[in-house]
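Subject: Structure handover

Hello,

Here is the structure I said I would pass on. Please open it alongside this message, as the notes below go through it by residue and by element.

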Amino acid sequence: MQVEIDKLTFDENGLIPAIIQDSTTGDVLMLGYMNQESLTKTVETNETWFFSRSRQTLWNKGATSGNKQAVRNISFDCDADSLLIQVDPKGPACHTGEQSCFYQNLYANDPIERNVVHEITNKIKERRENPVDGSYTTYLFNEGIDKVLKKVGEEASEVIIGAKNNDKQEVVWEISDLTYHTLVLMEILGVSINDIKQELYGRHVQKEANQRE
C-alpha cells in the first residue's frame, strides 16, 4: 500500500503528532509522535511505531510489554499536521497499566460514561466464561436462550407501555432493561457491537448513495 506522506505537514523536527484511538470504544488511548520512517513502518507492519524524542530512535508499541496496537485506520486533520490512528489494542496503552494514558481528570462538567455499553458487554462475557453464584447474568445463561428471548420480549413490551404513558423515566428504565437483555442475547449468538455498527454504517452509506442517485 502506497502512503502519500507528502500530503502531511511535519514540524521543524520532522515529526507529526499521532492521536491513538480505540476503534471499538472511541477512547483516546495515547498521544505519540511519528516521523516519516515510523509512519511508513506503521503502515507496512499494521502496528503502531513512534519516534522517541528523548531517545531519538524509533520504537514499536508493545514490543516489550506485548500490548501491541493493530492499526485499523489512519486519517489526518484539515491542516494535515496531525494524525488520528484507530487501533485494536492488545492490552493497556499506558505504562501504568491503565487502558488509556488519559485516565486522570483535570476538569469534568457532568461527565457521561460513554463506554458503559462496552463495559457491560465485557462483564456479560466474563459472567459467561466465569459463572458466579447469585449473579442474574449467570442465571440467564444457565436458563438458556428461550429465557433470554422471553425477557427481551417482555422488556420491549414495557418500552411500548412506557411510551404510550408518555413517561420519560419509565421509557429510560425499560430501554435500559431491554438493552441489557439484548446484549446477553448477542453474547449467546456471538453477535458483537461491531457487527451492529457495521450493519448500521452499511445501511447509512447505502442510503446516502441512493439519495445522490
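Predicted model: local features only at pLDDT ≥ 70, side-chain atom pairs only at ≥ 80, totals over all residues.

Salt bridges

There are eight salt bridges in the structure. I describe some of them here.

One of them joins E47 to K68, with 3.2 Å from N to O. E47 sits in the loop that runs between α1 (36-45) and β3 (49-52), and K68 sits in the loop between β4 (57-60) and β5 (69-76), so this pair ties together parts that are 21 residues apart in sequence. As for solvent, E47 has a relative accessibility of 22% and is therefore partly exposed. K68 is also in the partly exposed class, because its relative accessible area is 25%.

R72 and D88 form another salt bridge through their side chains, again listed at 3.2 Å, N to O. Here the link is between distant parts of the chain: R72 belongs to strand β5 and D88 to strand β6 (residues 83-89), and the two are 16 residues apart. R72 has 48% relative accessibility, so it counts as partly exposed. D88, at 22%, counts as partly exposed too.

The salt bridge between E155 and K151 has an N to O distance of 3.7 Å. Both residues are in helix α4 (residues 145-164), where they are four residues apart, about one turn of the helix. E155 and K151 are both buried. Through salt bridges with shared partners, K151, E154 and E155 are joined into one network.

Helix packing

Which helices pack at an angle of about 60°? They are α2 (residues 116-129) and α3 (residues 136-143), and their axes are 9 Å apart. The crossing of α2 past α3 is right-handed. On the α2 side the contact is made by I124, R127 and R128, and on the α3 side by T137, T138 and F141. Sorted by class, the contact of α2 with α3 consists of two nonpolar, two polar and two charged residues.

α3 also packs against helix α5 (residues 168-189): the axes come within 11 Å and cross at roughly 50°. That angle makes α3 oblique to α5. This crossing, of α3 and α5, is right-handed. From α3, the residues in contact are Y136, T137, L140 and F141; from α5, they are Y180, H181, V184, E187 and I188. By class, the contact of α3 with α5 has six nonpolar residues, two polar and one charged.

A glycine in α4

G162 is located in helix α4. Its relative accessibility is 0%, so G162 counts as buried. Leaving aside residues up to four places away in sequence, G162 touches D167, E170 and V171. G162 and I175 are separated by 13 residues in sequence, and their C-alpha atoms are 9.6 Å apart in space.

Most residues other than glycine have a negative phi. Two residues in the model are worth a look against that background.

A80 is not a glycine, yet its phi is positive, at about 60°. A80 lies in the loop between β5 and β6. Is A80 buried or exposed? With 9% relative accessibility, A80 counts as buried, because the cut-off for that class is under 20%.

N166 is not a glycine either, and has a positive phi of about 55°. N166 is found in the loop between α4 and α5. N166 has a relative accessible area of 72% and is therefore exposed, the limit for that class being over 50%.

That is what I have for now.

Regards

Notes: Residues numbered from 1 in each chain as written. Heavy atoms only, no water. Salt bridge = Lys/Arg side-chain N within 4 Å of Asp/Glu carboxyl O. Buried < 20%, exposed > 50% of the residue type's maximum accessible area, 1.4 Å probe, protein only. Axes fitted to C-alpha atoms, helices over the stretch in contact; angles between N-to-C directions. Left-handed = near helix turned anticlockwise from the far one by under 90°. Contact = heavy atoms within 4.5 Å. Nonpolar A, V, L, I, M, F, W, Y, C, P; charged D, E, K, R; others polar. Parallel < 35°, antiparallel > 145°, perpendicular 65-115°, else oblique.
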